[in-house]
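Please look at the sequence and the structure first, and then read the points below.

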Amino acid sequence: MGLIDEWAERYIADAQKNGEFDNLSGNGKPLQLDDDSFVPLDLRVGYRLLKNAGYLPPELQDRQEALTIVDLLSQLGNQHDAQTKLRSRLMLLEMRLKQAGLSTDFLHQEYQHRVADRLSNEE
């Protein structure tokens, strides 16, 4: 951490100890993370309607399906019949995501799984 980061952290910690954040509006309430200030004014209503209706853009639907398939594959055994179909569907989704300009690194988390397995075995 840099000098400015350490100074800022210390300043924030001191303010917390002094109770300077206690009387802020929204204290103890969840943050509103649906900020649409970057969406042009003429599109906000339409985007809000689509979001409230549960619509996802095709790229995010593909991403969600790919994550579901990865989860299913991790639970299935190597000899399961559906594994071939799932792997081919996953390859198709990965190709579509790459064509849309999205990263597919989230699909290849073998290293993460190995570390998690090792940590769970040590406990």
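Contact, as the word is used here, means heavy atoms within 4.5 Å, and helices (H or I, at least four residues) and strands (E, at least two) are DSSP runs, numbered from the N terminus. The model is predicted, so that local features need pLDDT of at least 70 and side-chain atom pairs count only at pLDDT 80 or more, whereas totals for chains, interfaces and linings use all residues. Residues are numbered from 1 along each chain as its sequence is written, and side-chain values use heavy atoms, with hydrogens and water left out.

**Helix α4**

- The buried residues of α4 pack against α3; they are Gln83, Leu86, Leu90, Leu93, Glu94 and Leu97, where buried means under 20% relative accessible area, exposed over 50% and partly exposed in between (1.4 Å probe, protein chains only).
- These residues lie on the same side of α4 because they cover an arc of only 105° around the axis, the arc being that of the directions from the helix axis to the C-beta atoms.
- On the other side of α4, the exposed residues are Thr84, Lys85, Met91 and Gln99.
- Gly101, with a positive phi near 85°, follows α4.

**Helix α3**

- The buried residues of α3 are Asp62, Ala66, Ile69 and Leu73, and they sit on the same side of α3 because their arc around the axis is only 65°.
- Among the elements that cover these buried residues of α3 is α4, while the face of α3 turned away from its buried side carries the exposed residues Ser74 and Gln75.

- Leaving aside neighbours within four places in sequence, Leu97 is in contact with Glu59, Asp62, Arg63, Leu102, Thr104 and Phe106.

**Thr104**

- Thr104 lies in the loop between α4 and α5 (110–122) and is buried, with a relative accessible area of 6%.
- Not counting residues up to four places away in sequence, Thr104 touches Glu94, Leu97 and Lys98.
- The side chains of Thr104 and Glu94 are joined by a polar contact of 3.5 Å, that is, a pair of N or O atoms within 3.5 Å; within protein, one must be able to donate a hydrogen and the other to accept it, and residues adjacent in sequence count only if both atoms are side-chain atoms.
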